[in-house]
Amino acid sequence: MDLQNVAAIATKLHPYERIVLPLLKQQNELSAISKTAKMQEIEVMRALQWLENKGIITINTEKKKVISLDQNGSRYQKEGLPEKKFLKALTDSFKGLNIITKKAKLSREEVNACLGLLKSKGSIEIKKEEGVSVKITEKGKKSLAEQTPEEQFLNLSFPLLLDEIKDVKIKLAFEELQKRKNLLNIEEQKTVTVTLTEGGKKFAAMDLGGEVVNRITAGMLKSGSWKEKQFRAYDVEINVPKTYGGKKHFTNEAVEYIKRIWLDMGFQEMTGNFVQSAFWDLDALFVPQDHPAREMQDTFYLDGKAKLPDVWKKVKEVHEAGGTTGSKGWGYVFSQKEAEQILLRTHTTVLSAQTIAKLKKEDLPAKFFAVGKVFRNEALDWKHLFEFYQVEGIVIDPQANLQHLKGYLREFYKKMGFPDVRMRPGYFPYTSPSLEVDVFHPVKKEWVELGGAGIFRPEVVQPLLGFDCPVLAWGQGMARIITEYWKITDIRDLYKNDLKQIREMKAWLK
Amino acid sequence: MPTVTLNKDIFERLVGKKLSFEQLKDRISMLGTDLEKIEGNEIHVEIFPNRPDMLSEQGFARAFSSFIGVNTGLRKYNIQASQYKVLIDASVQQVRPYTACAVVKNVELDEERIREIIQIQEKLHGTYGRNRKKCAIGVYPLEKITFPITYKADLPEKIVFQPLDGEKKMTGKEILTSHKTGKEFAHLLQSYEKYPFFIDAQKEILSMPPIINSENVGRVTAQTKDLFIECSGFDFPTLSTCLNIIVTALADMGGNIYAVELSYGKETKKTPNLTPSSMRLDPKYVNKMLGLMLSEKEIASLLQKMGFGYEQGIVLIPAYRADILHQTDLVEDIAIAYGYEHFPEEIPEVATIGQEAPLEIFSRKIREILVGFTLLEVQNYHLLMRECLVDKMNKNEEPVSLKNSVGDHDHLRNSLLPSLLKTVSENQHNEYPQNIFELGRIFHKNVKMETGIEEKEHLGVILCHEKTDFTEIRQILDGFMRSLGLICSVKESSDPSFLAGRVGKIIVESKEIGVIGEIHPQILEKWGITMPVVGMEVDVEKLMN
């Protein structure tokens, strides 16, 4: 540490450090320092740690065991150990235990301990007929006159550092007494001592100057008194406590981003109900009434019967024999009851059907999109949700064709961050041709399926719109995009609403 | 979706060409099937539900061979005349009115082949046959049958035979209650008074469709060479197509197809009928949909790659194709033959104006304002358990329930406050303050709606920390309304979810738009929340107007 540095560091000293540092010339032990400084030990400790970080001191922490007397310990110190009292109550002839106990003023428990201990030392003799009786031996009499190591130990002054016991006999006595109930307390005591480093010594000798200022106050600024003040330099490199602002839910950030892409491409947003009739969700999209997807296990159904819009009759004709579309239809008798069922929408394509039904010839060409929740009857687990987002787009344009569909899809996915798009034949009941859309995953280096697309069948468009017109359509889930961005592996974490997770999640930076 | 497992060697023999795995992978995907995986010599392919004809190795190879140009165009299958007859009794009309039948002879059967045939049958049952409801298929050893066969219905107690894998003779009713397959498909017959069955001239029962064959006459073994096949159901064209899919696969195995005469009272039909159906195709429509300039000749050759025939504007559709409803389906097959990868991409210059939905714009603004008040947005499910909406809120309005939820979440929420209380109750290990909001739908019964259910966009806000109180939530409300340029007032009211005397209606322009107050400690206790909570809920649509 050179002197120049010393000066710079001096300006950074916290008021605590300024108090503690000069004291270190005389004192080097934490409790002593805090006494002199009239500060709490924790405050002194913080100051010492900062000083150590600056290389001014080194802190040595020593852990020591401190022995103090517990309630029985203090008593025995005054009254003597129970075994001594027991011995004193004995005579050369056998005496009943009760009498001895009374005479020695001991508890039953203490007496039992004494019997074992004194027997093993050969100080007493025990007879067991008509109750227990005891007499003292010659050896016992002799020991009465001596001070045992246990007594020597008890006569030391407490509290006492364990390391200070040097005598082996006394150490053994300590170990023996330690086992007894409520006799000794052993605590670990930390002793913190400080040594000034070579550079630190210069520091401690320095005049640190007068008052320094932490905060700039409004008063100082008003009066101009700041001009005379010396402002402490902060340690700007240390960590500070966390703070959080308000925040949108992270899935909404992704939703807004996707919506922005559509809006930029000139699409209008479609919105609509979650609760729909089977008619709009399925029949209007030419999904056959016996399609497996309509079964109970996949779709959430609700009680009641929906009112059908007038167009249902046209849709019925198309299902049955193609109506005027030129299609053969499904060749069954359309069930109105099936169409009237109420359900939670299974796809946002239901909004496309409703949108098409509202359009007139003069509205074309038109483009629409939706980003919305859809529902599947599934139990929650790490890869299944019963409600999730779907993204949907349609282009209703008399001139549209398959090449346009490919063009729109490539543009959309490019904006989503997937420049390489591949289209394969696929199948959906409401489109022909149907496409599966794969994107080349830039990290995994492989094709992954991301969505479906196609041109709506005339059986869908004609009854709803009133005439046939190409309608390009595509849809995809959003879960993959969201979970990959935030590295979420359990899909339930999307809606767990753990406030810590929401607070700390990084922003959607696309 | 169903899958077909192809053995690469057999598949190559059927296709008539060897391809590398890479080529196979690419071509299978571009044919409109989904390559699931390749394991050793086995190729697993997912078949889309519109192509039941590709559910057999034979059918798949047939389509694939055309597609890669080895054997294109309409396949010819001969049907030989025969004396085989099936009489359809009027009694089946009420239960399962139609059947379509065929005989296929000289099929070289071994255990492997039998398994293949059973697989085709099972896959067709599971998909095109809608679990036997729409179409059930029976296959029998021809030598055990004495023609003519009768298809009729009778009371279940009177139908007695030993079912396949059954140990003894059983009545129709017993089969449905105690036989494994019988129990599985019992729901298809149970509600009928009479059950259908096939019986031959010797009064031997062949089967009771759509449930089970008889052990005596309905078990195909490696010794079987000639087969009788029937499909039963409700729609004759469906049965006929299904039968065609099976017999053409069997013919591709080397079998010879024989016709069976079906006598429906006065009307007589002959099946299988493998005459291609025809559909007019407008080349202009093709080119318009695909954005191409294909000549008629090119169209014809593309159609041939997909197994169709083409004669002067008319497309001949193989009798096993179940998916051609409209010429758009032909356009799709032409596109597949042309190759999806070969279509250029184009974004037409069509000027349209982007427009975000007004409610969405408004919601986005609300989010921004509340984030400015350092609130955190949460997003809960629209589905909740009933107790969260009723008992735990001290409410008695019955929320909208779902009929068939497989999970615990089986009611649509009627308020956002339960969702928000749930959130804070689950976040008690996290740092306070927990000041949160949610924008989302709530649901109420309303007979005026098309579905009987009204949906509304609501905003819910909850403040939860040691020192929160009515003043704090009221400050948020006022600040929020000021940002929207609205003046609002609060009028004292009562609500069982809130503490009496600390709850009010939110009024804007003399319209009630929501509620604000301190959540009742009793409610907090029910949610296990040990921190004070204040909150408000507002109807966003009313606010926007």
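Chain A and chain B bury about 7,800 Å² between them, and carbon and sulfur atoms give 54% of that area. The model is a predicted one, so please read each value here as computed from it. On the chain A side, A:Gln403, A:Pro425 and A:Leu499 supply 9% of the area that chain A buries against chain B, more than any other three residues. Counted by residues, 98 from chain A are in contact with 85 from chain B.

Helix H19 of chain A, residues 402-415, gives the most to the side of chain A that touches chain B, with 8 residues. Sorted by class, that side of chain A has 41 nonpolar, 28 polar and 29 charged residues.

Leaving aside neighbours within four places in sequence, the contacts of B:His382 come from both chains: A:Phe274, A:Lys373, A:Phe375 and A:Glu387 from chain A, and B:His411, B:Leu412, B:Arg413, B:Arg441 and B:Phe443 from chain B.

Staying with chain B, turn to helix H13, residues 417-425. Here 9 of the 9 residues are buried, so the helix is largely enclosed by the rest of the structure. The buried residues run from B:Leu417, B:Pro418 and B:Ser419 through B:Leu420, B:Leu421 and B:Lys422 to B:Thr423, B:Val424 and B:Ser425.

Now step back to the domains. Chain A is assigned domain 1 (3-62 + 189-218), domain 2 (69-188) and domain 3 (254-503). Taken over C-alpha atoms, the centres of domain 1 and domain 3 of chain A are 69 Å apart. Chain B is assigned domain 1 (3-67), domain 2 (79-271), domain 3 (277-339) and domain 4 (358-544).

Let us follow one domain pair within chain B. The centres of domain 1 and domain 2 of chain B, taken over C-alpha atoms, are separated by 29 Å. Their contact takes 10 residues from domain 1 of chain B and 11 residues from domain 2 of chain B. About 920 Å² is buried between these two domains, with 60% given by carbon and sulfur atoms. Within domain 1 of chain B, B:Pro52, B:Leu55 and B:Gln58 supply 52% of the area that this domain buries against domain 2, more than any other three residues.

Polar links are found here too. The count between domain 1 and domain 2 of chain B is 1 salt bridge and 4 residue pairs in polar contact, both at pLDDT 80 or more. On the side of domain 1 of chain B that touches domain 2, strand E1 (3-7) and helix H3 (57-67) of chain B are the elements that give two or more residues. H3 of chain B gives the most to that side, with 3 residues. By class, that side of domain 1 has 4 nonpolar, 3 polar and 3 charged residues. Finally, B:Arg62 forms a salt bridge with B:Asp252, where the closest N and O atoms are 2.9 Å apart.

Notes: Residues are numbered from 1 along each chain as its sequence is written. Chains are lettered from A and ligands numbered from 1 in the order in which they are written. This is a predicted model: local features need pLDDT of at least 70, side-chain atom pairs count only at pLDDT 80 or more; totals for chains, interfaces and linings use all residues. Side-chain values use heavy atoms; hydrogens and water are left out. Buried means under 20% relative accessible area, exposed over 50%, partly exposed in between (1.4 Å probe, protein chains only). Helices (H or I, at least four residues) and strands (E, at least two) are DSSP runs, numbered from the N terminus. Domain bounds come from an automatic or database domain assignment. Contact means heavy atoms within 4.5 Å. Buried area is the accessible area (1.4 Å probe) that two parts lose on being put together, summed over both. A salt bridge is a side-chain nitrogen of Lys or Arg within 4 Å of a carboxyl oxygen of Asp or Glu. A polar contact is a pair of N or O atoms within 3.5 Å; within protein, one must be able to donate a hydrogen and the other to accept it, and residues adjacent in sequence count only if both atoms are side-chain atoms. Ala, Val, Leu, Ile, Met, Phe, Trp, Tyr, Cys and Pro count as nonpolar, Asp, Glu, Lys and Arg as charged, and the others, Gly among them, as polar.
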